Amino acid sequence: MSTEHMELIRVKAEDRGMIAGLSAFASEIVKEHFDPIIGPEQNDYMIARFQAVSAITEQIRSGYRYYVAENEAGKMEGFLAFYPRDGKMYLSKFYVHRAARGHGIARKMFEFVEEETRKEGLPAIFLNVNRDNQAVIRIYEHFGFRKVREEKNDIGNGFYMDDWVLECPVTP
């Protein structure tokens, strides 16, 4: 598998079929990755709240830019979502399917977000990551992100997101 045939495709709010496929794909990745970290009950709640078809559609309508990473056969291998917030680019979603990891897809996706951030004239990319997600934190640090603060956000239903906020400067 090579990234030279990978394409990032913008998801639009009217692309209901693509959003449905993305929702199922996202749920698979998130279940596999986060059930061991936060537990299935909170994870299922978060998937229903943030990765359902209606949630993704509303996020796109409110300014999120969703992209899916597809291989040459049109199979989804990853996805990301980002939007300008607080004078920087907020990277809201950044996932690569386990079967596609280790092939440079995350790097290509990150470079795309960097370029979009430059086009907007924004000085940095920032994101929230679960503080116990150490393997992913190391990947973000490899890309140049550094911890700037900690946050604990009430997401309802008695659940909290206990995160680190990481930031990566983007050179013009």
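Predicted model: local features only at pLDDT ≥ 70, side-chain atom pairs only at ≥ 80, totals over all residues.
Q: Which residues of helix α2 are buried?
A: In α2, which spans residues 40-50, the buried ones are Gln42, Asn43, Met46 and Ile47.

Q: How are they arranged around the axis of α2?
A: Looking down that axis, the buried residues fall within an arc of 135°, so they line one face of the helix.

Q: Why would residues three or four places apart point the same way?
A: Because an α-helix has 3.6 residues a turn.

Q: And what's exposed on the other side of α2?
A: Glu41 and Ala48 are exposed there.

Q: What covers the buried residues of α2?
A: The cover includes helix α1 (16-38), along with β6 (146-156) and β7 (159-169).

Q: Switching to Arg65. Buried or exposed?
A: Arg65 is buried, because its relative accessible area is 11%, and the cut-off for buried is under 20%.

Q: Where is Arg65, then?
A: In strand β2, residues 65-70.

Q: What is Arg65 in contact with, leaving aside neighbours within four places in sequence?
A: Arg65 is in contact with Arg10, Leu80, Ala81, Phe82, Pro84, Met89, Glu116 and Glu120.

Q: Now the rings. How many aromatic pairs are there?
A: The count comes to 15 aromatic pairs. One of them is Phe79 with Tyr95: the ring centres are 5.2 Å apart and the planes are at 25°, so this pair is stacked.

Q: Where do Phe79 and Tyr95 sit?
A: Phe79 is in strand β3 (residues 76-85) and Tyr95 in strand β4 (residues 88-96). They are 16 residues apart, and the pair links distant parts of the chain.

Q: What's the relative accessible area of Phe79?
A: Phe79 has 0% and is buried. Tyr95 is also buried, with a relative accessible area of 19%.

Q: What about Phe82 and Phe112, how do their rings meet?
A: Their centres are 6.1 Å apart with the planes at 70°, so that pair is edge-to-face. Phe82 lies in strand β3 and Phe112 in helix α4 (residues 105-120), so the pair ties together parts 30 residues apart in sequence.

Q: Are Phe82 and Phe112 buried or exposed?
A: Phe82 is buried, and Phe112 is buried too.

Q: Which residues do ring pairs link into a cluster?
A: Tyr64, Tyr66, Tyr83, Tyr90 and Phe126.

Q: Last one. What lies over the face of Trp164?
A: Lys147 does, at 4.2 Å from the ring centre. Lys152 has its charged end over the ring of Tyr160, 5.4 Å from the centre.

Technical notes. Residues numbered from 1 in each chain as written. Heavy atoms only, no water. Buried < 20%, exposed > 50% of the residue type's maximum accessible area, 1.4 Å probe, protein only. Helix = DSSP H or I, 4+ residues; strand = E, 2+ residues; numbered from the N terminus. Arc of directions from axis to C-beta. Contact = heavy atoms within 4.5 Å. Phe/Tyr/Trp six-rings, centres within 6.5 Å; stacked < 30°, edge-to-face > 60°. Lys NZ or Arg CZ within 6 Å of the ring centre and 35° of its normal.
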